[in-house]
Structures are given as C-alpha cells and as structure tokens.
Amino acid sequence: MVYKKPQKKPFKKKKKGAAPVQPTFVRVRTPKDREVIGTVLQRLGGSRLSVAGLDGKTRVCRIPGRLKKSLWVREGNIVLVEPWEFGGDEKGDVVYKYNPTQVQWLKNKGYLKQISEFDEF
C-alpha cells in the first residue's frame with residue numbers, strides 16, 4: 001500500500017482593488033469620582049507597583065486578582081488608579097492601562113497637561 005501525501009492548498013491572492021480597513025474607534029476611559037491618572041515609576045513585585053499620580057502623590061498600587069492575567073504593566077505606562085478609602089494617600093488599585101493612542105488622545109484633550117514626561121508617546 002502506497003502512502004499519498006495530502007496536497008497543499010494554493011495561497012489566495014489579495015485583490016488589488018480591495019477597500020482599506022477602517023480604523024475602529026474606541027471610547028477612552030476618563031477618570032471618574034476618586035480615580036486618578038498616574039505613571040508607573042517602578043514594579044515592586046507581587047503584583048505591586050509604585051505609581052506617581054497627577055495629584056502629586058506617589059502610591060504603592062496593586063493589580064487586583066481579576067486583572068492580574070490580562071493587565072501587563074511596565075515602567076512608564078500610563079494607568080488609571082483608584083485610591084483606597086482607608087490609606088488612600090499611600091495605597092491604591094490599578095483599574096485600567098492606557099495604550100499609546102489613548103495617551104495621545106488624553107494629552108490632546110488636556111488630561112495630561114501637568115506631566116511633561118509623555119512627549120515620548
């Protein structure tokens with residue numbers, strides 16, 4: 001009995017007159033109530049970060065368990081922090097991480113006027 005290899009399917013060619021992909025518009029999350037925008041200064045380990053907020057305070061923030069796997073944060077990222085009710089000046093939770101396009105939008109709308117470190121985005 002002779003074994004036959006399955007034949008490979010030919011590559012599909014793209015049409016030259018295809019319409020370009022339209023950009024998707026995503027709503028940027030802005031700070032509400034007690035939330036503060038901040039930049040990550042240092043990763044401390046154990047899902048903890050040192051974050052400098054726009055209110056002038058440096059907090060030790062943690063990434064909640066529901067976001068640990070999905071939220072990858074590096075130094076210099078812009079994050080949304082919710083201060084704790086008890087000890088809110090020193091501690092808080094990271095609620096959201098902004099991508100570079102969203103940072104540019106926040107900068108254009110005036111949310112990030114106080115910090116000049118965001119020129120690199």
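Which residue forms a salt bridge with D55? R59 does, with the closest N and O atoms 2.9 Å apart. Keep in mind that this is a predicted model.

The two partners differ in cover. R59 is buried, at a relative accessible area of 5%. D55 is partly exposed, at 37%.

Now the overall layout. From the N terminus, the order is β-β-β-β-β-α. There are 121 residues, and 32% of them are buried. Take the contacts between residues at least 6 apart in sequence: 52% of those join residues at least 24 apart. The exposed surface comes to about 10000 Å². Carbon and sulfur atoms supply 53% of that.

Back to the charges. The structure holds four salt bridges. Another one of them pairs D89 with K57, at 2.9 Å from N to O. D89 sits in the loop between strand 4 and strand 5, and K57 in the loop between strand 2 and strand 3, so this pair ties together parts 32 residues apart in sequence. Both ends are partly exposed: D89 at 44% relative accessibility, K57 at 32%.

Next, E35 and R29. Their closest N and O atoms are 3.1 Å apart. E35 counts as buried, at 14% relative accessibility. R29 counts as partly exposed, at 33%.

Last, the surface. R48, K68, K69 and K91 gather there in a patch of positive charge. Look at K69. This lysine lies in the loop between strand 3, residues 58-62, and strand 4, residues 78-83. K69 is exposed, with a relative accessible area of 77%.

Conventions: Residues are numbered from 1 along each chain as its sequence is written. This is a predicted model: local features need pLDDT of at least 70, side-chain atom pairs count only at pLDDT 80 or more; totals for chains, interfaces and linings use all residues. Side-chain values use heavy atoms; hydrogens and water are left out. Helices (H or I, at least four residues) and strands (E, at least two) are DSSP runs, numbered from the N terminus. Buried means under 20% relative accessible area, exposed over 50%, partly exposed in between (1.4 Å probe, protein chains only). Contact means heavy atoms within 4.5 Å. Accessible areas come from the Shrake-Rupley method with a 1.4 Å probe; for residues, only the protein chains shown count as cover. Patches are made of residues with over 30% relative accessible area and no salt bridge: like charges are joined within 9 Å, nonpolar side chains (Val, Leu, Ile, Met, Phe, Trp, Tyr) within 5 Å. A salt bridge is a side-chain nitrogen of Lys or Arg within 4 Å of a carboxyl oxygen of Asp or Glu. Lys and Arg count as positive and Asp and Glu as negative; His and the chain ends are not counted. The place of a charge is taken as NZ of Lys, CZ of Arg, CG of Asp or CD of Glu.
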